[in-house]
Amino acid sequence: MRHLLRRQVVQVTKPTRTKIILTHSVILGMLAVGLSLFIVLSLFIGARSLVDFPSITEFFRALQGRSEDSILNSVVASRIPRTINAIIAGAGLAMAGCAIQGLTRNPLSDPGLLGVNHGAALCVVVAIVVGLPIMPAAIVGAFLAASLVYFLSRKQGMVGMILVGAALAAGSSSLISAMVLRANDTLDSFRVWQIGGLTRSTVEDAITIAPLVIVGAIILLFCARGLDMLALGEEMAQSLGINLRYQRIGIITGITLLCASCVALVGPIGFIGLIVPHMVRRCVGVRHYVLIPACALAGASLILLCDICGRIIAPPSEIPVGLSLALIGVPIFLYQLRRMK
Amino acid sequence: MKKLIPLSLAIVILSFAYLLLGRFHVSFMDFIRIMSNAEITESYMRTARFVIQEERLPRLCIGLLAGLSLGLGGTCFQLMLRNPLASPDVVGISAAASVTVVLSMAVWGLTGLWLSGAAFIGALCATMLIIAIAGFRSMSHFVLTGVAFSALFVALTHYLLTRINIYKAASASIWLTGSLGQATWLRVIILLCLIIAPIICLCILARPVHHLALGDELAQGLGIRVKHVRWAVIILGVVLTSSAVAATGPISFVGFMAGPVTRLMLGGRDSFMGSALVGAFLVIAADFIGREIGLPVGVITGIIGMPILLYFVVKRP
């Protein structure tokens, strides 16, 4: 892997470059096609469609809200925000995971290391107790946590960052317990938020959050070269001309933006940031300028897949995305672990 | 050893404070009278006897024993993983116990001792599962598999918490934060029986463990079976932590803080006895504070533990 990078950096001949770009475009195209397929499936399939399957024209009319069957209208209308939330959350979290694995040079890192989920959870509980809206509280909490982790571990490197994140996690869960145990209503609202779900945000919320995700993605794409160089080690990257401090700030800002917006949209969902970059890296290679978009597409597809499976496995109840991701993610993680050691 | 004497004295003083002070004051003379089973006539003495013998004394005993086990378990993990900031929680013991407890509460409606038994069995089964999947290959493999399973168990716990009704969820949440509130003499005796055997084994293994601290090759040169000792100590740590978690619920940070604080006090040396004492002290001190405020002990240890851990991180050169 390192050998490949060095060769590409030092000696790039035109046919090789074109071939690489072609391969990457083909793979990205395939991922995009796969994603579109999953989008369609997500809109089509659900507890309802197994009962009676509407025709295609009926379905298109329902998409526009003009079908005769009002139940079909509302069912399809409820699937649209789910699908949009799934795409945004899946793409954002997968990109964040890819970036943090590149930043910490540890293929087993998860964007939750920055403490984003826990900070968001703490602020959400405070918001529930005080009576403020939840989504802005989640974003504020996520940013506060990430800033705390960054500033406290600036001198310590990655190990310090992990430890501060762990401290924050345990401390915030204690504070959350302290507040949640006092009133059953708080516990009720919080336990629903805690598992993460695709249905709790409307399309308007998604449209408000989407710019944050896009900005985060653009920041990460700007840092793509820095991420590539960081893989060689910090001193090597510095001698290749990367400004370590700016890159770190940029990458962490991008990750925080993505994680904060996804947590605000769907609640804390883990495992995507962990497993999607692994699977994508095996297909696309390690250059981040293609890895990040590929992770976005693959992450969106994976969440849609988990959501669809969660819907059809046990109708009419459904397995929430967080749980089905964990059930799928753990075997994949263990398999990756076996391959690595 | 000598440096541990002030700590032992501190624990004794703290225990007396715990028993005598609080919302219901009991004077020392009354305490002596109660403990010596003297004739009780006054009504306030009867209340005092109830408070001391049925409420505070069992809480104190279970707190000491749980803190002891958690401190020992934490040090086992820190010594064997060669990481001064490791903790048995990382491997998913608390998470496995939590998911077993919520499942038992929801599905079988277990309470009390049956619940604790289920938690203990759940934690041990999860550890066996992790060892079965990870194999005895290497410590870091074991830890990472434990991390994955821990995340899975946590996800399952959160999911189950949403499926049960709110009252069961509230009582499950109380258990999940770790509290000494359900202390009874039966629990104290059971916990004592559970942890005596691992403690004796740890005493036997204390010397090989200290040799292991010199490094694997040196220890092997001294004739110690490195792999066997390491895995034995880890499993003892798991049993100790599972017993404590089953008795009181997962009390956060104790297993993790006991080691570094001991090392700070002893000037860089690790000590099983020291971390046991520090663990016991932490739990009783936290419960003393929590009892007055009305919060379970796990919440207090988490709130105190976070700045302490942050201090350790920032101070690391």
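Author: Bear in mind that this is a predicted model. Start with H9(A): its buried residues are A:Ala206, A:Ile209, A:Val213, A:Gly216, A:Ala217 and A:Leu220.

Reader: Where does H9(A) bend?
Author: At A:Ile209, by about 30 degrees. A proline, A:Pro211, follows within four residues.

Reader: And the end-to-end span of helix H9 of chain A, what should it be?
Author: At 1.5 Å a residue, its 20 residues should span 28 Å. The end C-alpha atoms are 28 Å apart, so that agrees.

Reader: Switching to A:Thr104. Buried or exposed?
Author: A:Thr104 is buried, because its relative accessible area is 10%, and the cut-off for buried is under 20%. A:Thr104 sits in helix H4 (residues 70-104) of chain A.

Reader: What does its side chain reach?
Author: The backbone oxygen of A:Ile100, at 2.8 Å. Leaving out residues up to four places away in sequence, A:Thr104 touches A:Ser109, A:Met158 and A:Met161.

Reader: Now the interface. How much do chain A and chain B bury between them?
Author: About 3,400 Å², with 75% of it on carbon and sulfur atoms. In chain A, A:Leu163, A:Leu181 and A:Arg191 lose the most area to chain B, together 17% of what that side buries.

Reader: How many salt bridges across it?
Author: The rule finds 0 between chain A and chain B. Polar contacts come to 3 residue pairs.

Reader: Which helix gives the most on the chain A side?
Author: H7(A), with 13 residues.

Notes: Residues are numbered from 1 along each chain as its sequence is written. Chains are lettered from A and ligands numbered from 1 in the order in which they are written. This is a predicted model: local features need pLDDT of at least 70, side-chain atom pairs count only at pLDDT 80 or more; totals for chains, interfaces and linings use all residues. Side-chain values use heavy atoms; hydrogens and water are left out. Helices (H or I, at least four residues) and strands (E, at least two) are DSSP runs, numbered from the N terminus. Buried means under 20% relative accessible area, exposed over 50%, partly exposed in between (1.4 Å probe, protein chains only). A polar contact is a pair of N or O atoms within 3.5 Å; within protein, one must be able to donate a hydrogen and the other to accept it, and residues adjacent in sequence count only if both atoms are side-chain atoms. Contact means heavy atoms within 4.5 Å. The expected span of a helix is 1.5 Å times one less than its number of residues. The bend at a residue is the angle between axes fitted to the seven residues ending there and the seven starting there. Buried area is the accessible area (1.4 Å probe) that two parts lose on being put together, summed over both. A salt bridge is a side-chain nitrogen of Lys or Arg within 4 Å of a carboxyl oxygen of Asp or Glu.
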